Amino acid sequence: MNVTETLPGTHCKQCDFKVAEVTEGCPSCGSESVEMVDLKQNGIIHSFTVVHVGFGALSNRAPYVLAIVQTEENVKLTTVVDGVIDFGSVKIGDKVRFKNVDPKIGPIFQY
Ligand SMILES: [Zn+2]
């Protein structure tokens with residue numbers, strides 16, 4: 001299993017849009033003038049849900065926090081948040097940091 005320790009993204013040279021996935025073209029303006037970048041790894045929880053019954057690759061992980069994280073570059077992505085000790089204490093605006101990309105799950109952030 002290959003664990004990636006940078007957060008891969010695509011930057012559009014045309015409109016400066018950034019997205020937390022690797023794409024051939026810009027999802028915002030459609031330009032093909034894009035480059036692969038490593039995104040900044042600090043973010044905050046924009047919204048989240050506590051998942052009690054996981055499925056697929058996540059079935060052994062439940063309960064876990066599934067969140068939309070907004071990075072300091074204003075890129076939003078859906079991610080699992082690790083390192084939660086008390087599920088009742090998770091709140092919007094909490095600071096999280098990129099941990100790694102799990103090939104089966106996708107990006108994982110942590111407290
Ligand atoms: Zn663009």
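Guide: Two strands pair if DSSP finds at least two bridges between them. Keep that cut-off in mind for this predicted model.

Visitor: Which residue stands opposite Cys12 in strand 3?
Guide: Start with the pairing. Strand 1 and strand 3 run antiparallel and share five bridges. Within that pair, the residue facing Cys12 is Val34.

Visitor: How many bridges join strand 1 and strand 2?
Guide: Strand 1 covers residues 8–12. Its Thr10 stands opposite Val19 in strand 2. The sense is antiparallel, and the number of bridges is two. At least two bridges are required, so strand 1 and strand 2 count as a pair with a bridge count of two.

Visitor: What is the strand order in the open sheet of three strands?
Guide: The pairing in this sheet is antiparallel. Strand 2 (18–19) and strand 3 (34–38) are the edge strands, each pairing on one side only. Strand 1 pairs with strand 2 and also with strand 3. The order is 2-1-3.

Visitor: Is strand 1 mostly covered or mostly uncovered?
Guide: A residue is buried if 20 or more other C-beta atoms lie within 10 Å of its own. Four of the five residues in strand 1 are buried. For the 111 residues of the protein chain, the buried share is 25%. Strand 1 is mostly covered.

Visitor: Which residue takes a positive phi in the hairpin of strand 1 and strand 2?
Guide: Five residues lie between the two strands of this hairpin. One has a phi near 75 degrees. That residue is Asp16.

Visitor: What distance separates the centres of domain 1 and domain 2?
Guide: Domain 1 spans 8–38, and domain 2 spans 42–110. Their contact takes four residues from each domain. On the domain 1 side, these are two nonpolar, one polar and one charged. Taken over C-alpha atoms, the centres lie apart by 23 Å.

Visitor: What radius of gyration does the protein chain have?
Guide: Along the principal axes, the C-alpha atoms fill a box of roughly 45 × 30 × 20 Å. A compact globule of 111 residues would have a radius of gyration near 13 Å. The protein chain agrees with that, at 15 Å.

Visitor: What share of the contacts with a separation of 6 or more joins residues 24 or more positions apart?
Guide: A contact here needs C-beta atoms within 7 Å. Among contacts in the protein chain with a separation of 6 or more, residues 24 or more positions apart account for 47%.

Note on methods:
Residues numbered from 1 in each chain as written. Predicted model: local features only at pLDDT ≥ 70, side-chain atom pairs only at ≥ 80, totals over all residues. Domains from an automatic or database assignment. Contact = placed C-beta atoms within 7 Å. Nonpolar A, V, L, I, M, F, W, Y, C, P; charged D, E, K, R; others polar. Rg over C-alpha atoms; globule rule 2.2 N^0.38 Å. Buried ≥ 20, exposed ≤ 12 C-beta atoms within 10 Å, placed from the backbone.
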